[in-house]
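Hi everyone, thanks for having me.

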Amino acid sequence: MEGDAFSGLGNGSQVDNKVLQTFHKSFVQVQNILDQNRLLINEINQNHESKIPDNLSRNVGLIRELNNNIRRVVDLYADLSSSFTKSMEASSEGDSAGTLKSDGKAGQKRLRPG
């Protein structure tokens, strides 16, 4: 997976292919929603500029849809963040408890209970 954005994550270990597929799927979903939002915003702007009462009334529903889409994007990014954190924790479980800081001095990795 040379050149892959996730190929060197987790202290040099390879990220599981299933995790990458999940990330890709989520990013595609986000991009699709953002593309839909662009279309909604264009339509909302056109309706606003037209000042036609029916078009302005239609904007209420379009803005609601836009807000719902934004919530979905936030939720997808929250899920991605959680998945990424879990995958990094899982990939580093095999590491020793000691770590080397950037200044070359040894440090202790904080172990989480549970």
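Let's start with the crossing of helix 1 and helix 2, which is left-handed. Left-handed here says that the near helix is turned anticlockwise from the far one by less than a right angle; clockwise would be right-handed.

Quick housekeeping: this is a predicted model, where local features need pLDDT of at least 70 and side-chain atom pairs count only at pLDDT 80 or more, while totals for chains, interfaces and linings use all residues. Residues are numbered from 1 along each chain as its sequence is written, and side-chain values use heavy atoms, leaving out hydrogens and water.

Okay, the layout. The chain has 2 helices and 2 strands, and from the N terminus on they run α-α-β-β. Helices (H or I, at least four residues) and strands (E, at least two) are DSSP runs, numbered from the N terminus.

So how do helix 1 and helix 2 pack? Their angle is about 160 degrees, and their axes are 9 Å apart. That makes helix 1 roughly antiparallel to helix 2. For the cut-offs, under 35 degrees is roughly parallel, over 145 roughly antiparallel, 65 to 115 roughly perpendicular, and the rest oblique. The axes are lines fitted to C-alpha atoms, for helices over the stretch in contact (heavy atoms within 4.5 Å), and angles run from 0 to 180 degrees between N-to-C directions.

Now the aromatic rings. The count comes to 1 aromatic pair. Phe23 and Phe84 form that pair, which is tilted, with 5.9 Å centre to centre and 40 degrees between the planes. Phe23 sits in helix 1 and Phe84 in helix 2 (residues 53–92), so the pair ties together parts that are 61 residues apart in sequence. The rule: rings of Phe, Tyr and Trp (its six-membered ring) pair if their centres lie within 6.5 Å, and planes under 30 degrees apart are stacked, over 60 edge-to-face, the rest tilted.

Are these two buried or exposed? Phe23 is buried, at 3% relative accessibility, while Phe84 is partly exposed, at 30%. Buried is under 20% relative accessible area, exposed over 50%, and partly exposed in between (1.4 Å probe, protein chains only).

One more residue: Gln46, in helix 1 (residues 17–50). Gln46 counts as exposed because its relative accessibility is 55%. Gln46 and Asn59 are 13 residues apart in sequence, and 9.7 Å apart in space, C-alpha to C-alpha.

Last, the whole chain: buried residues make up 22% of its 114 residues.
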